[in-house]
Amino acid sequence: MTRPKVVFLENVQNLLSHDKQATFRTIIDTLDRQLDYHIIGVTYDEKGALKYDRASFLRNSRDFGIPQNRPRVFVVAFNRLYFGNHLSQLPTETPTNRSGAPIYNDLADVLDKDVEPRFFLSSKYLKTLEDHIVAQQKKGIWFWISNS
């Protein structure tokens, strides 16, 4: 119903091997052939068949300076009709950090400092969540909430 200019998909690592790779193949084929999106990391062989390395869609947060081991699949696709000839200027793979060098020195370097109040929980909503936790704990269901 809509034709976004850019599609960004993120999923678990298992997406690459699910159903003997059929699920991932279907996603790529649908985006490319049916919806006419240019997918970063996908080319064509001499017969016109889709060609890609599944591993090139896998990135891990730890490789980007995040203190977490979280491999995820990222698919980035651009609307061919909208971007036209500009697609040739796009990279051929999703970003990597092969050098291993930190991409920032401190998390504060990448966080917004001037954030509108609408992006924070209201005290009333926070109280509702806290009351819910207490009610669930009374039923024997426990939550662990970290303040850090």
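Which residues of the largest nonpolar core touch the most other members?

1. Basis of the note. This is a predicted model, in which local features need pLDDT of at least 70 and side-chain atom pairs count only at pLDDT 80 or more, whereas totals for chains, interfaces and linings use all residues. Residues are numbered from 1 along each chain as its sequence is written, and side-chain values use heavy atoms, with hydrogens and water left out.

2. Nonpolar core. The residues that touch the most other members are Phe-24, Ile-28, Leu-31, Ile-39, Phe-57, Val-73 and Val-75, in a core of 13 residues. Helix H1 (22-34), strand E2 (37-39) and strand E6 (71-79) each supply at least two residues of this core. A nonpolar core is a set of buried Ala, Val, Leu, Ile, Met, Phe, Trp, Tyr and Cys residues joined through side-chain atoms within 4.5 Å. Helices (H or I, at least four residues) and strands (E, at least two) are DSSP runs, numbered from the N terminus.

3. Surroundings of Phe-24. Neighbours within four places in sequence set aside, Phe-24 is in contact (heavy atoms within 4.5 Å) with Leu-15, Leu-16, Tyr-52, Arg-54, Phe-57, Val-73 and Val-75. Ring pairs also join Phe-24 to a cluster with Tyr-52 and Phe-57.

4. Aromatic pairs. There are six aromatic pairs in the structure. Rings of Phe, Tyr and Trp (its six-membered ring) pair if their centres lie within 6.5 Å; planes under 30 degrees apart count as stacked, over 60 as edge-to-face and the rest as tilted. Tyr-52 and Phe-57 form an edge-to-face pair because their ring planes stand at 80 degrees, with centres 6.0 Å apart. Phe-57 counts as buried at 1% relative accessibility, while Tyr-52, at 24%, is partly exposed. Buried means under 20% relative accessible area, exposed over 50%, and partly exposed in between (1.4 Å probe, protein chains only).

5. Largest pocket. Which strand gives the largest share of the lining of the largest pocket? That strand is E6, with three residues; strand E1 (6-12) and strand E5 (58-60) also each supply at least two. Among the lining residues are Phe-8, Glu-10, Arg-59, Arg-72 and Phe-74. A pocket is an open set of points on a 1 Å grid over the protein atoms alone where a 1.4 Å probe fits, with protein on both sides within 12 Å along at least five of seven lines; lining residues have an atom within 4 Å of a point.

6. After helix H3. Just after H3, Gly-140 adopts a positive phi of about 90 degrees.
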